[in-house]
Amino acid sequence: MRVNGKTLSSNIVVNWNGNNGGVRGYDASSLALKYLGDLKVASWMDLNLSLNVLNNRTKSHALGSYGNINSFLAYQSMYNPDGSLARMEADIYPGEEVLNNPEYELKDVTYNVADEIDKGYNTSKSRYTNVRTNVLALFRLPVTGWTAQAQFQYEDIVSISSTQYSKDSQFMRSLYNRYTTSSSVTEWVDTDDPFNWDFGSWDGDPDHFYKDPVTINKTIHNIPDGDALSESTAQSQYYTFRAQTRYNREFLGVHAIDFIAGFEYRQTHSSMEQGGYYGYDRQTSSNLNMITNWEYINKPTVGVMGSNYTPYGAPISFRTSETLHRYYSYYFTGNYVYDSRYSVSGSYRVDKADMFGTDPKFRGKPLWSVGASWNVHNERFLRPATWLNVLKLRASYGLTGNIDNSVSSYLTASMATNQFGNLQGTLNTPPNDQLRWEKTATWNAGIDFAFLGYRLAGTFDFYRKNSSDILTSAELDPTTGWTTQTINSAKMTNTGVELQLDGQILPARRRKDIGINLGFNIAYNHNKVTDLRRYPTSASEFLGMTYHKGYPLNSLFSIDYAGLVDKDGTIFVGWYDRNGEVQTTSTSSSTFTMDDVIFSGTTTPKISGSLTPEIRWNGFSLSAMFAFYGGHYMRTDNDAWTSFTAGTAGYKGAFGDASFSRDLLRYWNGDEVPANGWMSTKNGSNISTGTIRNTAVKHADYMKFRSLILSYSFDQKLCRKIGLNDLRLRFQMNNIATWARNGIGIDPEAYNLTSGFHMDKTPRSYTMSLMFNL
């Protein structure tokens, strides 16, 4: 809704959406409110006011580890043949004899996910509220072209979540049983024969006179019988204040200048609190925390369920945290244009942050840039070329910076109360008085062009980025108390080109005309780590590093795979060393050296681009988007090589562990993959080395048909008849098709390119929407 007045113009947007997640009892909703107002306070002052409020609420089932689709074997059903709910085995075998002992008062251990959902046993609720306000004041100073601005922005974020576990849920019944203990205690009872009372058994306590000691087993339920409630609250407040002045003026008909100078201050403050209650009763808002045996929950021993069912899983997270950061910057930008043909520009900025403070020279890093451009199309000698609309040459050089909030120049620690009730500090980061900004120096040269009445337009850019002081992990002498530290120790270059083309192949001047537009972009980037102040002492350490000198970022390194080798009935992964001899040791052994490592490419695409065709006719619009990526590599076919192969228990493994990839069947079909199930005892100690075999590395090039959009805009005459300014119908289909170069039918976006394991595919989705404007 828009309202325009003489002094105040307002724009209000309200948006609500809901989602049931396709699950009974699930509900998610979002309400967004946006307000934008422009107030003319005086001829010399304008105010811009904005308010954004976002509120998200969710309610879902907290089904725990047995609510997953793979929690039970594929042939098991949650229903009995007669349609009733089956009582299924979860984490405790229902036939355990101890469950029938009435002294322990243990609970049913069976589980049924449909029953849990229908009765709403465990419920999680969350509420997220984000309120952002902004006030911008513009002052027109008594000098032509000179203005000043003052801006203040405040953002408040509150996130509250809670999970209530019903005492009747499998989760709480399991905890109740696992945390139940029994011990022998002595109680004093009235003697049966006071005249023959054994005086020698008396312990001297007057209350025990004429009483006999009796030893009994006492059952203790260390987790009270009742619901459990876990709560978490996170809050963040962000302040930003900016003051700047600007001088923008043209003079003598050919000169134009634009200068901006300003100051900015930011503060971020975040806090978090977590807590929980046992024996919780929502009806009375009461709990039994005061009689909960926290000492046992923190340091549990074997309970009545025995060593096969050790106590674990009780929510005991009570903690708080608080983070405060402050930043300030001052900056200057300037631009000069002569005769709409030649321009030069420059910027200078200094940012300071509280993460850098030990050494003053690293507290603030000047960031700057210079640039120049030439509007060739405005030259006299090109004025006769009416087919040329834009031809602009430009070049720039600049230095930018980046910080990492997880590191500090100071020694940092977190404090907590340990299981003994004492305050304990945990060191987070070691001190680093040489910590400084990551820097990137960028050269850029480009050309902008448009021809034939803008029917063909585009840009071409060439760039080179030299990054230095990149933060990486470095090994430390363990005697210092630390094994690694994040330091500024790497350099990297990125060199590339980018081309963007937009064409009106067939312009549509009227509604009934056919219009065809085509957009195309392609980019190439060559990346290389040029320096690294870390010198690996072994090939194993080299494989675990993030950066590798002389190689691109996200590099894959492999063994020269020699197949599976049978040694006296035990199967090892064989690999060729630098001399061509087959070895069967692991990559952590001294036998495996740097010379045995094979570079297999990078997982980062070198080439990327997109194609966006569009056809318009008589109110209809049909558009599509194709994206392509190439020049990179991926590991594949590692699902059968994972160590999670149901263990030696085979297909009768623990519930939740016996669901595995169908690729494991390949072993039984004679394929060269590791044994699984009972036969996994044949696998040698280095079997996991096979996950980095070079034969599993494939080209990761692929093209995606990402979206297809069909829309129809109703005729304006019809819209006016029904009181609308605009009416549109839109249908969109996403993730339509994929072509991949690997030749084995793998979608690289549904694969972990580094590990070679499957991930969930992005499903095809359909959206239909009706949009109207009053």
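1. In the pairing of strands near the end of this model, Y561 has W575 in β23 as its bridge partner. The model is a predicted one, in which local features need pLDDT of at least 70 and side-chain atom pairs count only at pLDDT 80 or more, whereas totals for chains, interfaces and linings use all residues. Residues are numbered from 1 along each chain as its sequence is written, and side-chain values use heavy atoms, with hydrogens and water left out.

2. β22 and β23 (residues 570-576) are paired in the antiparallel sense over six bridges, where pairing requires that DSSP finds at least two bridges between two strands. These two strands belong to an open sheet of three strands, ordered β22-β23-β24 and paired antiparallel. Because β22 (561-567) and β24 (582-583) are at the edges and have a single partner strand each, one side of each is left without a neighbour in the sheet. Strands here are DSSP runs of E with at least two residues, and helices are runs of H or I with at least four, both numbered from the N terminus.

3. K549 is placed in the loop between α4 (539-543) and β21 (555-558). Leaving aside residues up to four places away in sequence, K549 touches V529, T530, D531 and L532, a contact being heavy atoms within 4.5 Å. K549 and K107 are separated by 442 residues in sequence and by 60 Å in space, C-alpha to C-alpha.

4. The lining of the largest cavity consists of K107, K167, M172, Y176, I223, P224, D225 and G226, and by class it has four nonpolar, one polar and three charged residues, with Gly counted as polar.

5. As to confidence, the protein averages a pLDDT (the predictor's confidence in each residue, from 0 to 100) of 87, and 94% of the residues score at least 70. Over residues 644-658, however, pLDDT stays under 50, and the model has 34 contacts beyond four places in sequence for this stretch. Where pLDDT is low, the predicted coordinates should not be read in detail.

Definitions and conventions. On a 1 Å grid over the protein atoms alone, a cavity is a set of points where a 1.4 Å probe fits but cannot get out, and a pocket is an open set with protein on both sides within 12 Å along at least five of seven lines; lining residues have an atom within 4 Å of a point.
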